[in-house]
Structure formats: structure tokens, C-alpha cells
Amino acid sequence: MTQKAQEAYNHLLNKAYDKAFVLYSELAAQNDPVAHYYLGFLYFRGFGVDQDSKKAFTHYLEAATREVPLAQFDVALMLENGEGCEQNFSEAAFWYEEAAKRGNIDAFNNLAAMYKEGRGVLQDYQKAFILFKKAAMAGNASAQFNLGALYDLGLGCEEDKEQAIEWCRKAAYQGHQKAKEIIMRMQNEGKIVF
């Protein structure tokens, strides 16, 4: 990290967003891909600049095409939701996959959800199961909940109610609201002992 990049990041951490914006703009003009990511972040949140989802998307996309995994995830999320760009599920799936290839655990979960629902990709419960399992084992609460749901219904795997409860329980321990509600309901009905 260059001295200017470190200075910009320190401003970001200290919430001196206007100063961070100036430095990241200078770095982006020098084609620094990480600077584009942070400019996207500042525009998306409206920190130090007026909130502008379209500018955020443009900067995130520039960083994503230059292999910044967080930017790839954010581009996918924006494409999935149609925020700052036209909604495009197949492009979202592509960028989730790129981020997942670079180790982004949230991308594994979101890509799995797309395979489970057949959004932007052909529906494939087995792929969804594999992707959810990878993210779940890495501690992603949403993936743990989703993996439990697949076990519960036998989608992409053999139906296994014990595994379903176990993964739901793990998600609940991490604060996943829907998982907590299901576990509480099952306890109240006497179906499980916590």
C-alpha cells in the first residue's frame, strides 16, 4: 500500500470522508483499482459526497474488472437488486462467482441462493447445496440457515432432519433471526431440547 493509499484509508477509518474522497480520487486517476472500490463505497453510502448509486456502481465495476473481490461482490449485489444499474441476474451470478473464486464467503452464499431459486442461472439444487455448505462451514449464518433448509427438504442432498436442525441451530447461535424463531418454536412445541 502506498503512503497516499494508507493516508486515504486512515481518513476513512477516522470518518474524515471528505479527505478520504480527495485522496481516493487522486489514486483512481492513477488507475489504482482499490481506490475505485473505496470511491464506490463512499458514493454508495453518501460519505463525504452526495449519495449516488450510479457512480458507486461505476467505481465498483472498475475495481471488479480489475479483480478486487469486495468490489466483485458489491457489483453482483447491485446487479441482483438493480441498484445504480439495470437489474441483471445472470450478470450478478457471474460476479458472485468471480468473488467466490477469490474466497468471498458471502458470494458463495448469494450464488448458492441464485442456484437454489434459478435466478440468472439454471436451477441446480446440488450446486446450491455445495455452495451453501462451503459458506456455512466458513461460519456464514445465512448459509447455515439455507443449508439447514436444504437438508430439511432434501433438496440437492438426502433429507436429514437432524442435520437441518443442527445447521439451523448454528445459524441461531450467530443471531440469524429466522433461525432463532424456528428453534424457539420447535422448543416451545417440545420437538427439540436446546
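Is Y38 buried or exposed, and at what relative accessibility? Select Y38 first: at 18% relative accessibility it counts as buried, where buried means under 20% relative accessible area, exposed over 50% and partly exposed in between, with a 1.4 Å probe and protein chains only.

Before moving on, note that this is a predicted model, in which local features need pLDDT of at least 70 and side-chain atom pairs count only at pLDDT 80 or more, while totals for chains, interfaces and linings use all residues. Residues are numbered from 1 along each chain as its sequence is written, and side-chain values use heavy atoms, with hydrogens and water left out.

Next, show the aromatic side chains, among which a search of the whole structure finds 11 aromatic pairs. Rings of Phe, Tyr and Trp (its six-membered ring) pair if their centres lie within 6.5 Å, and planes under 30 degrees apart count as stacked, over 60 as edge-to-face and the rest as tilted. Y24 is buried too, with a relative accessible area of 2%.

Then select Y37, which is buried, as is Y38.

Finally, go to F89, where R119 lies over the face of the ring at 5.1 Å from its centre, and to W167, where the charged end of K170 sits over the ring, 4.2 Å from its centre. A charge sits over a ring if NZ of Lys or CZ of Arg is within 6 Å of the ring centre and within 35 degrees of the ring normal.
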